[in-house]
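Please read the following note alongside the sequence and the model. It is written for a reader who is new to protein structures.

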Amino acid sequence: MTAVPSPTRTSTPRPASASRRPRRPRLLRPVVAAAALALVLTACDASSSSSASGGSDGKAAATRVVPTAHGKVTVPAHPLRIVSVHSWSTESLFDLGLKPVGVENSGANYVPPRYLKRWKAAAKVTTGADIDYEKIAALKPDLIVGVDVPYLSKAYKRLSAIAPTTFAPFSETSSWSAYPQATAGFVNGTAQLTRLKQKYDDRIAAARKTLGPKLTDSSWDVIQGGFDSGNYWIYSSASPVGDILSKLGVRFASATASVGKGDTKSVSYERADLLKDADYVVYYTNNDGSPANDIQKLFALRTFKELPAAKKHRVVGTPDFLPGSYSDAMGVVDSIENALRGQAG
């Protein structure tokens with residue numbers, strides 16, 4: 001259900017002021033090395049596998065020990081009252097068929113449509129860095145889950161005093177899929193996640209087979225409305241959408257290809273010309289399909305309207321721009337496939 005203040009690879013909203021609605025910002029810079037993240041995820045999977053078999057009497061253990069960004073944590077084998085303090089964790093929980101009792105408030109317009117009803121039904125316990133500890137405690141959670149972005153890392157001690165707290169290590173260089181994998185490990189849902197991953201892999205394969213040259217012969221740029229006044233952001237080929245496009249086999253146009261892995265480039269709206277060699281441009285939308293984060297200011301410029309992608313109506317919006325789950329990632333594939341199916345040739 002991310003993008004984020006200065007860094008890149010996980011989505012974390014800026015603290016919202018009273019006068020400004022919370023917006024999902026661009027990706028944050030790393031606080032944990034990718035190698036450490038891989039280690040934790042591997043250990044988390046192993047922990048899940050061993051707990052599923054139970055003890056010598058054949059019964060499942062009452063608790064499990066899982067590795068997290070803040071060390072090993074003892075958690076319920078089957079948590080019943082989960083609070084999620086990050087949108088990616090929330091979307092992963094929904095994808096796994098779980099119903100958290102409390103979730104973050106990232107703004108209803110940023111919640112992918114598939115999760116909106118369930119998100120609205122849960123208590124809202126955070127707005128950016130503004131965490132309502134009393135409300136979380138009142139929900140009596142048996143597990144708190146999230147991602148170890150800076151503001152949540154600072155809150156870890158207070159949260160863990162309320163209930164076992166498990167944060168996925170945060171790294172800008174790892175794939176978006178690392179976060180649903182970590183969340184599944186925390187809640188003993190790796191079997192469900194394996195099925196979701198297979199469904200995603202099959203979806204990618206089917207799109208490649210159906211669209212063929214329409215994918216491989218087209219070049220793509222990935223952009224988002226920025227939080228820098230007068231600027232928009234260009235994302236790299238290793239961004240969440242970039243990762244999915246790569247699996248589909250597309251080529252990247254020069255703007256996205258020039259951005260380093262894990263980075264974004266903030267450029268003036270007046271530099272729409274940087275997108276001139278893109279056959280398609282992907283951007284972030286709200287869940288009602290409207291442009292998110294002021295990107296419409298770029299679209300309104302004559303220089304943008306004269307771009308080949310704009311003239312040919314190949315500007316592709318998706319509310320799943322910052323996927324927090326495999327269903328979100330498949331939503332990106334749907335958006336791309338629908339755009340390509342609508343093109344002649």
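1. Basis of the note. This is a predicted model, in which local features need pLDDT of at least 70 and side-chain atom pairs count only at pLDDT 80 or more, while totals for chains, interfaces and linings use all residues. Residues are numbered from 1 along each chain as its sequence is written, and side-chain values use heavy atoms, with hydrogens and water left out.

2. The chain. There are 14 helices and 14 strands; helices (H or I, at least four residues) and strands (E, at least two) are DSSP runs numbered from the N terminus. Of the 345 residues, 56% count as buried. Buried means under 20% relative accessible area, exposed means over 50%, and partly exposed lies in between (1.4 Å probe, protein chains only).

3. Salt bridges. Side chains of opposite charge can pair when their charged atoms come close. The structure holds nine salt bridges, each being a side-chain nitrogen of Lys or Arg within 4 Å of a carboxyl oxygen of Asp or Glu.

4. Asp328 and Arg114. The closest N and O atoms of this salt bridge are 2.7 Å apart. Asp328 belongs to helix α14 (residues 326-341) and Arg114 to helix α3 (residues 113-121), so the pair ties together parts that are 214 residues apart in sequence. Asp328 is buried, with a relative accessible area of 0%, whereas Arg114 is partly exposed at 33%.

5. Glu337 and Arg203. In this salt bridge the closest N and O atoms are 2.5 Å apart. Glu337 in helix α14 and Arg203 in helix α7 (residues 190-211) lie 134 residues apart, and the pair links distant parts of the chain. Both Glu337 and Arg203 are buried.

6. Arg271 and Asp273. These side chains meet in a salt bridge with an N to O distance of 2.8 Å. Arg271 is partly exposed, with a relative accessible area of 37%, and Asp273 is partly exposed too, at 32%. Elsewhere, salt bridges that share partners join Arg203, Asp334, Glu337 and Arg341 into one network.

7. Helix α14. How many of the 16 residues of α14 are buried? The count is 13, so this helix is largely enclosed by the rest of the structure. The expected span of a helix is 1.5 Å times one less than its number of residues. For α14 this gives 22 Å, and the end C-alpha atoms are 22 Å apart, which agrees.
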